[in-house]
Amino acid sequence: MTSLTQDNTTTTPAKETSSTTGTPGEPTIAVIGAGIAGLSAALAVANGDPDAGLPGQHVTLITKTDLVESNTYHAQGGIAAAIFPDDDPELHAKDTLAAGAGLCEPKAVDILTREGAEQVRRLIGAGVRFDKHPDGTLLRGLEAAHSRSRVVHAGGDATGKIVELDVSAITRDTPNIHIIEHAFVVDLVTEPIDTHSPAAGEARAAGVTSAVRGVRLFDTATGEQRTLACNRVILATGGAGRLYPFTTNPQVATGDGLAAAWRAGAQVADLEFYQFHPTALGVGEHFLISEAVRGEGATLLNERGERYMTAIDPRAELAPRDVVARENFRQMMAQGGRPVLLDATAIGRKMGLDQAGLTAFLKHRFPTIDAYTRSMSFDWSREPIPVTPAAHYWMGGIRTDVWARTSIRGLYAAGECARTGVQGANRLASNSLLEGLAYGRRAGLAALRDTDAAVWQPQSLLGSAANAQTREITEPQTLAIPSPDTQVDTDAKPADVRDAIEQTMWHGVGVLRDADGLSHAQSRLTGLVEQTQAQAQAALSKMAEKPKTNATATATDGTAATTTTPATASVPTPDDIANTVTALENRNLATIGLIATTAALARTESRGAHARTDFPDTDSVQACSRPFIRG
């Protein structure tokens, strides 16, 4: 397998994890997160930018758990890319804009579909194991709201897993990349911009008042806290599905980068738009049943066995995700909250397969789903399976320009934690990995190219509207986050606090919303923010008082240092560390949940993934994104 360099040439292999990070003590470039966006960013920095005449630089890639554990690893459906003869990026862009319900930025979408297609071709050239026909041509699938079959996949329904494994292997073998695993990003370190510097005026005009100087890390293996100095930080920390009790996201998806950027003063936008996947298994861990299953011909039924999507949208089960998720939710409410049914036997009827043929097809095309459903005692080749909407993808995030720059100098964001403008109010199916590829690379290149005086150049937030009232909405709104309350219960179990956050979000800021539910959630989350901030501070202070364990640690300069603990000392236990991580995650989830709730309460219309029963129609005045910033 070759390296993902600009020209697909092979680099000289390094040892498994490079320990070179530049001269000790010098600021470095840090990438936080190791999904496809983080890997793409790290590779772009390490391989350099031949077009600009810039050589590769050292980069530190920091990941919360193991290198491969990410939302990317769990992605099933595939990657949408206009790389086939009957397709083109302009048509892909048109589909993306239509799904985005008026809030996509056309320039950002054009970059996504053009450069994304180029990056998929590079993945293919690098040897990533995409599925192919016997003659060697790529297999492709059709998914909701796409006008062409353009979704490439790997391992059937294990696209993210194979892409993550293959690209992370390339990353490990790339010189200049130093990997730090099991490091939780607690906060960003920033400093005010010198108001007397030559570029201060330009920065102020762009709303930039601070610059990044480092990241505070919590070692989830030893309990140690340390600060990594860096003057370029690329956040690629994924989404925050763990805001909700029903989610397709893994345990690590707790919005850590988004929350850290908010606390540091970065602008955020579109946080009211959370996409609920229409079909997660209605039992167990709410395992994702990929959109591709409906793309192959599966249909949705209520408990009476009636197909209902044909009466809702001419595209039926292949309507945009928000449309299908809302109707699934309504059908569930009409039948006492019980799941609806996904009928994969319709695929057999569509393809003219007998029972044995359908069983073989499902096992080959969807091996992961097939194995999981059978492990839950379902034979989906013979009977419909129960499904429910579940939190899947956040369209909003840290506001960036088209080079992934944020409103903090030296801070970049890519992937699901970013709001680039490509997803609008509703993400088009299989555009998520594509965004990580395209904008992760752009973030890495920008970090290489930018001078210390560079500031972001964000696109207008006007969307498809342009009037005085709309312009007022697009001005950044300040939101004061309450300070920690020392009177709150800091002894509450972190797991109980997490449950309170999840239930508050599900019932108040879920698939369908109204003013009463949002107002109640806002009040409840305000108290939870105070509680989680106090608990997080208390947990970190407690850990700081404990000595380090007997261990050999690798410092950021690659040197090894052994720490010794007296026999009588109370060292951090695994439970101590796990509870601290949960406390930190709870602080992040409560904070971004409150921002999302406030944004949802302010948007008095229904648009894309944001559906309000008290304001069911769209409002042309609100056809724009709303930015928020910490007050």
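**A chat about backbone and cysteines**

Visitor: Asp270, buried or exposed?

Guide: Asp270 counts as buried, at 1% relative accessibility. Buried means under 20% relative accessible area, exposed over 50%, and partly exposed in between, with a 1.4 Å probe and protein chains only. This is a predicted model, in which local features need pLDDT of at least 70, side-chain atom pairs count only at pLDDT 80 or more, and totals for chains, interfaces and linings use all residues. Residues are numbered from 1 along each chain as its sequence is written, and side-chain values use heavy atoms, leaving out hydrogens and water.

Visitor: Where does Asp270 sit?

Guide: In the loop between β9 (268-269) and β10 (274-281). Strands here are DSSP runs of E, at least two residues, numbered from the N terminus. Asp270 has a positive phi, near 65°, and is a residue other than glycine.

Visitor: OK, what about the phi of His182?

Guide: Positive, about 60°, although His182 is not a glycine. His182 is in the loop between β5 (177-180) and β6 (183-192), and is partly exposed at 30% relative accessibility.

Visitor: New topic. How many disulfides?

Guide: Zero, counting a disulfide as a pair of cysteine sulfur atoms within 2.5 Å.

Methods:
Helix = DSSP H or I, 4+ residues; strand = E, 2+ residues; numbered from the N terminus.
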